[in-house]
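Reader: I would like to learn how to read a few features of a structure. Please take them one by one.

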Amino acid sequence: MSIELVNVGVAQLKIASSPVILRTILGSCVGICIYDRNKKIGGLAHILLSKSTNPSQPEKFADTAIPALIDQLLKQGCRREFMSAKIAGGASMFKFTSQTPLGLIGEHNVAMTKKVLEEKKIPLLSEDTGGSSGRVIDFYLEDGRLKVKAGGHEEYYYKV
Amino acid sequence: MHEHIKERIKTVITNLTALPSMPEVVTRIINMVNDPNVDFKVVAHEISQDQAITTNILKLANSAYFSKGKEISSIDKALVTLGMKEVKDIVVVAATKQILDKPIIGYDLPKGELWKHNVAVAMLAKRIALDKKKRNLADLVFTGGIIHDVGKTVLALYVASTFKDIIQSTIENQITFAQAEQQIMGFDHQEIGQIILKKWKFPEVLQNIVRYHHDTDNAPEADIEAVSIVHIANTICQMAGIGIGGDGLYYELSGKAIETAGLDDTELQYYYSLTPELLKQARQIM
Ligand SMILES: [Fe+2]
Ligand SMILES: [Fe+2]
């Protein structure tokens, strides 16, 4: 039996259940993975920017995508007390010769993600953020583990 | 420095048959665009000599991105409806797809990722040029965007065996990935790209876009606007993770490029926020 691999694109949000694997590729964006360890249902939001400027696209921004993600999980019968989060991404250009805020997007994305998770009282169990590597992340809904592949190197985060 | 790798790359670039090739008709069309005396009939005739390219061109010309809602049934019609420059862009997309749409192992890019990246960079660069009222640069930065990373297709094989050293040098010496490629292998993907374009006899301005896309500050003054626009489009697409590989964001965002392109902070953020829509557009012609 092969396990279904679902790609989550830029500014998309997807929910699935065990044993699906949710995959996304990140630069300065942040991948937010929330898992209900009891129901083995989880969701991945791939946000592009921190603060919403367009109410018609809640998936694009950390401050609107996280509440949307939690809501969708609740609709699937998940419960807050079983939910936990892992995040990855938020890289920045290695060097910049200008003071443009474009260089800070990665950092801002990570900061806003953490702030909203805290407000929503979803414990953040692990993060693989910052630096200048691109990341391919696989979120295994079988047990909630997260694999982060960056610059030819793989790291697993198991805590749920 | 890995001397044996440098020697192997030297052999590859001096032996032109080892580099990707380009149908002559494509080179002729690219060079015709800048000739004010060109007759559409001659161009159409040139193109229709190559049946495979003609079929692909018509398919692309009828895509949502290029067609603007009009049905295009022949090369003549395409030239009349879309114009010479637009047809040239279409020809370049048709001719480079097979070179770029494949796995690029050393850079950790599965099949399709480099192609998607280059198409997205091309579209964003063109969009920036049009928004900034640089109409004369629009088709040029599109073509430049399509081929800017072509050097990776040749260098990938050597990056595969030296990747760890390149990344280590990047971090230890606080240099860009391209500078580290230079240091470890003797060449970077910009230089190899330029050599490929020389082989194809593409115009110098396109060679310079490829050669300086990570190094705007050293680009020749005459071409700095075009180089800057492609540099910014490339940086934004990398940040959005579009076709991002093992080299990640280990490059520099040039303040000089931002200044030259005349983009302010709001505009830069705006283009970055547009990337999901840009990707949808890219899929129309991939
Ligand atoms: Fe590049
Ligand atoms: Fe690139």
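Predicted model: local features only at pLDDT ≥ 70, side-chain atom pairs only at ≥ 80, totals over all residues.

Reader: Which residues coordinate the iron ion (ligand 1)?

Author: Donors are N, O and S atoms within 2.8 Å of the metal (3.2 Å for Na, K and Ca); water is not among the atoms, so sites may look incomplete. Here B:Asp149 coordinates through OD, and B:His189, B:His213 and B:His214 through NE2, at 2.2 Å. Along the sequence these donor residues follow the spacing D-x39-H-x23-H-H.

Reader: What does B:Asp149 bridge?

Author: B:Asp149 bridges the iron ion (ligand 1) and the iron ion (ligand 2), and these ions lie 3.7 Å apart. B:Asp149 and B:His214 are both buried, where buried means under 20% relative accessible area, exposed over 50% and partly exposed in between (1.4 Å probe, protein chains only).

Reader: Is B:Ser67 buried or exposed?

Author: B:Ser67 is buried, because its relative accessible area is 6%. B:Ser67 belongs to helix α5 (residues 64–67) of chain B; helices (H or I, at least four residues) and strands (E, at least two) are DSSP runs, numbered from the N terminus. Contact means heavy atoms within 4.5 Å. Neighbours within four places in sequence aside, B:Ser67 is in contact with B:Ala61, B:Asn62, B:Ile72 and B:Leu82.

Reader: How many aromatic pairs does the structure hold?

Author: A pair of aromatic rings is described by the distance of the centres and the angle of the planes. Rings of Phe, Tyr and Trp (its six-membered ring) pair if their centres lie within 6.5 Å; planes under 30 degrees apart count as stacked, over 60 as edge-to-face and the rest as tilted. The structure holds 11 such pairs over all chains. The rings of B:Tyr65 and B:Phe142 have centres 6.3 Å apart and planes at 20 degrees, so this pair is stacked. The pair links distant parts of the chain, with B:Tyr65 in helix α5 and B:Phe142 in helix α9 of chain B, 77 residues apart. Both B:Tyr65 and B:Phe142 are buried.

Conventions
Residues numbered from 1 in each chain as written. Chains lettered and ligands numbered in written order. Heavy atoms only, no water.
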